[in-house]
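Here is a short report for a first look at this structure. Keep the sequence and the 3D view open while reading.

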Amino acid sequence: TELSRTLDNQPVISISADLASDIDIGQVKGLVENMNVSFMGVTPSGEFDLDWETARRFLAAPNPSGAPNTDVVRPWINALDIVRRPSATWIIDFGCDVDMKTASAYETPFEHVRKIVAPKRADYRTGKRGFWCFERPRPDMRAAIHRLDRYFATPLVSKHRVFAWYPTRVLPANLVILWARSDDYAFGVASSLIHELWSLRLGIQLEDRPRYTPSTCFETFPLP
């Protein structure tokens, strides 16, 4: 006898892996045109973040080398900064694979990291990097936005799929997904209903909060 299938109490011809009966989107693949555009933010693994008053003091502190602390003290955003009021948080960021001599030239920020971050990471090393470096500094993401004056971002997990513009000086956290595009067209596509529906189907649901990941929600999306 022929096998019968029922979905939501309705007879259907087939049921796909994502429990739908129309199109099997589980077969979609990443598109070459979408590679190296959408990225997850950095993972510091330590208390590198600063409130604005501390950041302002660090920014004003001189260095014997003459290098300004604006090189390593940057504005910082997490997912809540996108969906709520900005927190005015800053972060100490020495970049990717920086040696201790280079990092310690920025005396006040480095001393802060040595006192606050180093004790908690005494037995932990991020590959060949030391305590002054992030666990995942995301060099590919940095390279992608370096040529731009702005990018837009969305929370990794959020009840509502919203995007916001940020200058490239602003460093995104690991729970932030960014698009390395500075044009209004890309922002409009990302904010469109069709992209929201696509990301809802391709993403993962955490309770009532959809999860947006570059590999499934963006790289597979055929931009109109």
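## Asn 34 and its surroundings

The side chain of Asn 34 reaches the backbone oxygen of Phe 221 at 2.7 Å. That is a polar contact, meaning a pair of N or O atoms within 3.5 Å; within protein, one must be able to donate a hydrogen and the other to accept it, and residues adjacent in sequence count only if both atoms are side-chain atoms. The model is predicted: local features need pLDDT of at least 70, side-chain atom pairs count only at pLDDT 80 or more, and totals for chains, interfaces and linings use all residues. Residues are numbered from 1 along each chain as its sequence is written, and side-chain values use heavy atoms, with hydrogens and water left out.

Asn 34 lies in the loop between strand 2 (10-12) and strand 3 (38-40). Helices (H or I, at least four residues) and strands (E, at least two) are DSSP runs, numbered from the N terminus. Asn 34 is buried, with a relative accessible area of 5%. Buried means under 20% relative accessible area, exposed over 50%, and partly exposed in between (1.4 Å probe, protein chains only). Beyond its neighbours within four places in sequence, Asn 34 is in contact (heavy atoms within 4.5 Å) with Phe 218, Glu 219, Thr 220, Phe 221 and Leu 223.

## Cysteines

The count of disulfides (pairs of cysteine sulfur atoms within 2.5 Å) comes to zero. Take Cys 96. Its closest cysteine sulfur is in Cys 133, 8.2 Å away, too far for a bond. Cys 96 is partly exposed, at 27% relative accessibility. Cys 217 is buried, with a relative accessible area of 0%.

## Aromatic pairs

The structure holds 16 aromatic pairs. Rings of Phe, Tyr and Trp (its six-membered ring) pair if their centres lie within 6.5 Å; planes under 30 degrees apart count as stacked, over 60 as edge-to-face and the rest as tilted. Phe 110 lies in helix 4 (residues 107-116), and Trp 132 in the loop between helix 4 and helix 5 (139-146), so the pair ties together parts 22 residues apart in sequence. Phe 110 is buried at 8% relative accessible area, and Trp 132 is buried at 10%.

Tyr 151 and Tyr 166 are also tilted, because their ring centres are 6.2 Å apart and their planes stand at 35 degrees. Tyr 151 sits in strand 7 (residues 150-155) and Tyr 166 in strand 8 (residues 164-167), so this pair ties together parts 15 residues apart in sequence. Both tyrosines are buried.

Ring pairs also link a cluster: Phe 152, Phe 163, Trp 165, Trp 179, Phe 187, Tyr 212 and Phe 218.

## Nonpolar cores

A nonpolar core is a set of buried Ala, Val, Leu, Ile, Met, Phe, Trp, Tyr and Cys residues joined through side-chain atoms within 4.5 Å. The largest has 40 residues, and those with the most contacts inside it are Phe 94, Val 113, Trp 132, Tyr 151 and Leu 178. Two or more residues each come from helix 1 (52-60), strand 5 (73-77), strand 6 (90-92), helix 4, helix 5, strand 7 and strand 10 (176-179).

Leaving aside neighbours within four places in sequence, Phe 94 is in contact with residues including Val 72, Phe 110, Val 113 and Trp 132. Apart from this core lies another, of 11 residues, among them Phe 163, Trp 179, Ala 190 and Tyr 212.
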